[in-house]
Amino acid sequence: MTPGEHPANAAVGAAQAESDPGSASRPSVDRARIAAAVLEILDAIGEDPARDGLADTPTRVADAYAEFFSGIGQDAGEHLARTIPIEEGATSDAVLVRDIAFRSVCEHHLLPFLGTAHIAYLPDERVIGLGALPKVVDTIASRPQVQERLSEQIADVLEERLAPRGVLVVLEAAHGCVSMRGSRQLTSTTVTIASRGALADPAARAELMQLIGTAAEQAR
């Protein structure tokens, strides 16, 4: 920081350096513009962006946004590129991965929503490594989202890239725009379901829904 330079402006300058197009590790978001916007917001709400507690806030928010929105422009299906063939003569019923923690940002108020994803699929000829599913969820969740679309997009990627006989995605999340503003419903959660193929039939997915419900109850 040069003598007499506004501390918050110095923070924006630091973010600008990280966003330099010549950088070998150029971020996927423009940190400098985010930092400048946060500086403006702090000023607009009547705060002093130069005070000690806020001087580095624009840079911190820029770094956080780079993480929150790292999925923009990324292909979640890349995590499903490596599949494992089911051996001839072998059969595989449903594969269910429960309690995948995720966080996203609601596109309406840019407030976070946090929750748990449960994903099941009925393999046809191939399966995937279990670690791929959390990566798919994280990539799609790391964009401005609404929960309904998030669940549908996860199901779409699995259907398109894995070609299973059926897909079921259940998300349960608590939303900052519900708990932190407006009616302030602190204990409210939202559940969304997306299904494809054989698991689009409620009767066919009843056992899986029971297993998911059991997991949710045990977590409480």
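1. In which loop is Arg143 found? Arg143 is found in the loop between α4 (132-141) and β5 (144-145), where helices (H or I, at least four residues) and strands (E, at least two) are DSSP runs numbered from the N terminus. The model is a predicted one, in which local features need pLDDT of at least 70 and side-chain atom pairs count only at pLDDT 80 or more, while totals for chains, interfaces and linings use all residues. Residues are numbered from 1 along each chain as its sequence is written, and side-chain values use heavy atoms, with hydrogens and water left out.

2. Arg143 is buried yet has no salt bridge, and Asp75, the nearest side chain of opposite charge, is 6.6 Å away. Here buried means under 20% relative accessible area, exposed over 50% and partly exposed in between (1.4 Å probe, protein chains only); a salt bridge is a side-chain nitrogen of Lys or Arg within 4 Å of a carboxyl oxygen of Asp or Glu; and for charge, Lys and Arg count as positive and Asp and Glu as negative, with His and the chain ends not counted. The side chain of Arg143 reaches the backbone oxygen of Gly71 at 2.9 Å, and the backbone oxygen of Gln74 at 2.9 Å.

3. The sheet is open and has five strands in the order β5-β2-β3-β6-β7, with mixed pairing; two strands pair if DSSP finds at least two bridges between them. The edge strands, each pairing on one side only, are β5 and β7. Strand β2 (residues 95-106) pairs with β5 in the parallel sense over two bridges, and Val105 has Pro144 in β5 as its bridge partner.

4. Strand β6 (residues 166-175) is mostly covered, with eight of its ten residues buried. Ten bridges join β6 to strand β3 (residues 112-122), the two running antiparallel, and Val169 in β6 stands opposite Ile119. β6 also pairs with strand β7 (residues 190-197) in the antiparallel sense over eight bridges, with Ser195 in β7 as the bridge partner of Leu168.

5. The largest nonpolar core has 32 residues, and those with the most contacts inside it are Phe102, Ile128, Leu150, Ile154 and Leu158; such a core is a set of buried Ala, Val, Leu, Ile, Met, Phe, Trp, Tyr and Cys residues joined through side-chain atoms within 4.5 Å. The elements giving two or more residues to this core are β2, β3, β4 (126-128), α4, α5 and β6. A second, separate core of eight residues includes Val29, Ile34, Val38 and Leu54.

6. The structure holds eight salt bridges. One of them joins Arg31 and Asp63, whose closest N and O atoms are 3.0 Å apart; the pair links distant parts of the chain, with Arg31 in helix α2 (residues 31-44) and Asp63 in helix α3 (residues 57-68), 32 residues apart. Arg31 counts as buried at 16% relative accessibility, whereas Asp63 counts as partly exposed at 32%.

7. Arg196 and Asp156 meet through their side chains in a salt bridge (2.7 Å, N to O). Because Arg196 lies in strand β7 and Asp156 in helix α5, the pair ties together parts that are 40 residues apart in sequence. Arg196 also forms a salt bridge with Glu159, the closest N and O atoms being 3.7 Å apart, and salt bridges that share partners join Glu152, Asp156, Glu159 and Arg196 into one network. Arg196 is buried, with a relative accessible area of 14%, whereas Asp156 counts as partly exposed at 27% relative accessibility.

Technical notes:
A polar contact is a pair of N or O atoms within 3.5 Å; within protein, one must be able to donate a hydrogen and the other to accept it, and residues adjacent in sequence count only if both atoms are side-chain atoms.
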